[in-house]
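Welcome, and thanks for taking a look at this model.

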Amino acid sequence: MNKMKIGNKGYLYPLPTVLVGTTVNDKTNYLNVSFCSIVNRTPAMMSISLNKSHYTCDGIRQNNSFSINIPSVEMLEVTDYCGIVSGNTVDKSKLFNNFYGELKNAPMIEECPVNVECELIQELDLGGSNVIFIGKVIEVYTEEKYFTNDTLDLKKINPILLSIYEFNYYNVGKKIGKAWSVGAK
Ligand SMILES: Cc1cc2nc3c(=O)[nH]c(=O)nc-3n(C[C@H](O)[C@H](O)[C@H](O)COP(=O)(O)O)c2cc1C
């Protein structure tokens with residue numbers, strides 16, 4: 001065995017790249033988030049993990065809501081920009097065409113292929129740098145053009161993937177097998 005020790009950071013490949021939307025002090029704001037996951041299937045719940053200092057944290061608490069917007073690779077530059085500047089000093093409210101769903105206070109991005117509207121159900125502080133917001137999924141919005149047959153098509157969504165410690169973005173590669181199926185033999 002040729003394993004070497006490389007420290008104790010969190011590793012996961014690839015990470016998603018999403019834009020989380022909130023209304024902070026009555027202003028629409030988006031930030032780039034890679035610590036995002038599905039945490040419950042039924043009812044559907046998703047989590048985001050944010051550094052405690054982020055402007056977005058205030059907006060989530062003010063409205064008890066947030067949105068998770070999945071950008072496509074065509075939106076790479078503006079997505080990265082949302083992860084470089086803070087709404088505390090820069091107005092990010094006019095970067096996209098915004099729309100609202102059931103909750104009326106979780107802004108979503110028209111240009112993103114998939115938008116998940118979440119109602120905050122829990123905030124978890126594990127004593128570290130970040131706070132975890134868990135949201136119940138209220139509704140998901142997309143467009144007909146991202147479907148193949150009856151299913152959302154990953155290639156059509158064309159999401160941005162992150163290789164975290166390389167600081168590089170990637171796009172999706174080839175399909176390599178049918179899930180819940182190839183292992184059956
Ligand atoms: C690729 C990328 C991924 C990021 N992922 C996260 C994340 O998962 N959690 C987090 O708190 N900040 C993350 N950030 C940093 C925030 O997006 C960034 O600090 C942002 O400016 C904060 O915005 P706000 O102050 O308007 O809330 C990421 C930034 C980039 C570029």
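The side chain of Asn29 places an N or O atom 2.9 Å from a ligand oxygen atom, and a backbone N or O atom of Tyr55 is 3.3 Å from an oxygen atom of the ligand. The protein buries 84% of the 640 Å² that the ligand exposes when taken alone, with accessible areas from the Shrake-Rupley method and a 1.4 Å probe.

Please keep in mind that this is a predicted model, in which local features need pLDDT of at least 70 and side-chain atom pairs count only at pLDDT 80 or more, while totals for chains, interfaces and linings use all residues. Residues are numbered from 1 along each chain as its sequence is written, and side-chain values use heavy atoms, with hydrogens and water left out.

E3 gives the most, with 4 residues.

There are 22 residues around the ligand, and Asn32, Asn51, Thr56, Ser86 and Gly87 come nearest; a residue is near if one of its heavy atoms lies within 4 Å. The shell divides into 10 nonpolar, 10 polar and 2 charged residues. Gly counts among the polar ones in this scheme.

## Links within the protein

Strand E10 (residues 130–141) holds Asn130. The Asn130 side chain makes a polar contact with the side chain of Ser49 (2.9 Å), and another with the side chain of Ser129 (2.9 Å).

A salt bridge is a side-chain nitrogen of Lys or Arg within 4 Å of a carboxyl oxygen of Asp or Glu, and the count comes to 5. In one of these, the side chains of Lys52 and Asp125 meet at 3.0 Å, N to O. Lys52 lies in the loop between E5 and H1 and Asp125 in strand E9 (residues 114–125), so the pair ties together parts that are 73 residues apart in sequence.

## Backbone spots to look at

Most residues other than glycine have a negative phi, and most peptide bonds are trans. Tyr13 and Pro14, however, are joined by a cis peptide bond with omega of about -20 degrees; Pro14 is in the segment before strand E1 (15–16). The bond from Thr42 to Pro43 is also cis, with omega near -5 degrees, and Pro43 belongs to the loop between strand E4 (36–40) and E5.

Asn25 is not a glycine, yet has a positive phi of about 50 degrees. You will find Asn25 in the loop between strand E2 (18–24) and E3.

Definitions and conventions: Polar contact = N/O pair within 3.5 Å; in protein donor to acceptor, adjacent residues only side chain to side chain. Helix = DSSP H or I, 4+ residues; strand = E, 2+ residues; numbered from the N terminus.
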